[in-house]
Amino acid sequence: MVMACRTLQEAIDLLRYCLKDGEVKHGKHFREELAKEKLSYEDAWNVLLRGQIFDPPEEDIKTGEWKYRVEGRESGGKWIAVIFTFKTVELVFLITVFSIEARGKK
């Protein structure tokens, strides 16, 4: 069952709940992009804890899941984004991570 689309504030609240009391999983692509960007899991975790969601979620046309993008600065000052989806109200799945500067967006 696909989770309903959340408002930006609901998504942040649910993300923080999953980080504290729920479950966080990540896939191979997330791990590969962390290494490619020379980031640690802690860098991504800090952005998940303290970052903000600025843009509305996007629906994945293959799965129907809603993908969210949280952005913030990692400890070295690099502005990064983490893309994630909710599998359940207690499970967040980290899809990918990337530097905004490296993509030429800021």
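User: I'm new here, so let's start with pockets. What volume does the largest pocket have, and which residues line it?

Analyst: Keep in mind that we're looking at a predicted model. The volume of its largest pocket comes out at about 210 Å³. The lining is made up of H29, D55, P56, E58, K67, Y68, R69, I83, I95, T96 and F98. Two elements give two or more residues each to that lining: β4 (66–73) and β6 (91–99).

User: How many of the lining residues are nonpolar, polar and charged?

Analyst: Sorted by class, the lining of the largest pocket holds five nonpolar residues, two polar ones and four charged ones.

User: R69 is on that list. Where does R69 lie, and which side chain does its own side chain contact?

Analyst: R69 belongs to strand β4. Its side chain makes a polar contact with the side chain of E71, at 2.9 Å.

User: Now aromatic rings. How is a pair of rings described?

Analyst: By two things, the distance of the centres and the angle of the planes. A search of the whole structure turns up five aromatic pairs. Take Y41 and W45: that pair is tilted, with 5.9 Å centre to centre and 40° between the planes.

User: Where do Y41 and W45 sit?

Analyst: Both are in helix α3 (residues 41–50), four residues apart, which is about one turn of the helix. Y41 has 29% relative accessibility, so it counts as partly exposed. W45 is partly exposed too, with a relative accessible area of 24%. Ring pairs also link F30, Y41 and W45 into a cluster.

User: And what about the pair of Y68 and F84: what are its distance and angle?

Analyst: Y68 and F84 form a stacked pair, 5.6 Å centre to centre with 20° between the planes. Y68 lies in strand β4 and F84 in strand β5 (residues 79–88), so the pair ties together parts that are 16 residues apart in sequence.

User: Are Y68 and F84 buried or exposed?

Analyst: Y68 is buried, and F84 is buried as well.

User: Let's stay with strand β5. Why does T85 count as buried?

Analyst: The cut-off for buried is under 20% relative accessible area. T85, which is found in strand β5, has 1% relative accessibility, so it counts as buried. A polar atom of its side chain lies 2.8 Å from the backbone oxygen of W66. Leaving aside neighbours within four places in sequence, T85 is in contact with E65, W66, L91, V92, F93 and I95.

User: V92 is one of those contacts. What does V92 touch?

Analyst: Not counting residues up to four places away in sequence, V92 touches L15, C18, E23, V24, K25, F84, T85 and F86. V92 is part of strand β6, and at 0% relative accessibility it counts as buried.

User: Can we go back to helix α3? Which residues does A44 touch?

Analyst: A44 lies in helix α3 and touches F30, L34, I80 and V82, again with residues up to four places away in sequence left out. A44 is buried, with a relative accessible area of 1%. For a sense of spacing, A44 and F54 are 10 residues apart in sequence and 17 Å apart, C-alpha to C-alpha.

User: One last feature. What is the phi of K38?

Analyst: Most residues other than glycine have a negative phi. K38 is not a glycine, yet its phi is positive, about 60°. K38 is found in the loop between α2 (28–36) and α3, and it is exposed, with a relative accessible area of 73%.

Terms used:
Residues are numbered from 1 along each chain as its sequence is written. This is a predicted model: local features need pLDDT of at least 70, side-chain atom pairs count only at pLDDT 80 or more; totals for chains, interfaces and linings use all residues. Side-chain values use heavy atoms; hydrogens and water are left out. On a 1 Å grid over the protein atoms alone, a cavity is a set of points where a 1.4 Å probe fits but cannot get out, and a pocket is an open set with protein on both sides within 12 Å along at least five of seven lines; lining residues have an atom within 4 Å of a point. Grid points are joined across faces, edges and corners, and a volume is the space filled by probe spheres set on the points. Ala, Val, Leu, Ile, Met, Phe, Trp, Tyr, Cys and Pro count as nonpolar, Asp, Glu, Lys and Arg as charged, and the others, Gly among them, as polar. Rings of Phe, Tyr and Trp (its six-membered ring) pair if their centres lie within 6.5 Å; planes under 30 degrees apart count as stacked, over 60 as edge-to-face and the rest as tilted. Buried means under 20% relative accessible area, exposed over 50%, partly exposed in between (1.4 Å probe, protein chains only). A polar contact is a pair of N or O atoms within 3.5 Å; within protein, one must be able to donate a hydrogen and the other to accept it, and residues adjacent in sequence count only if both atoms are side-chain atoms. Contact means heavy atoms within 4.5 Å.
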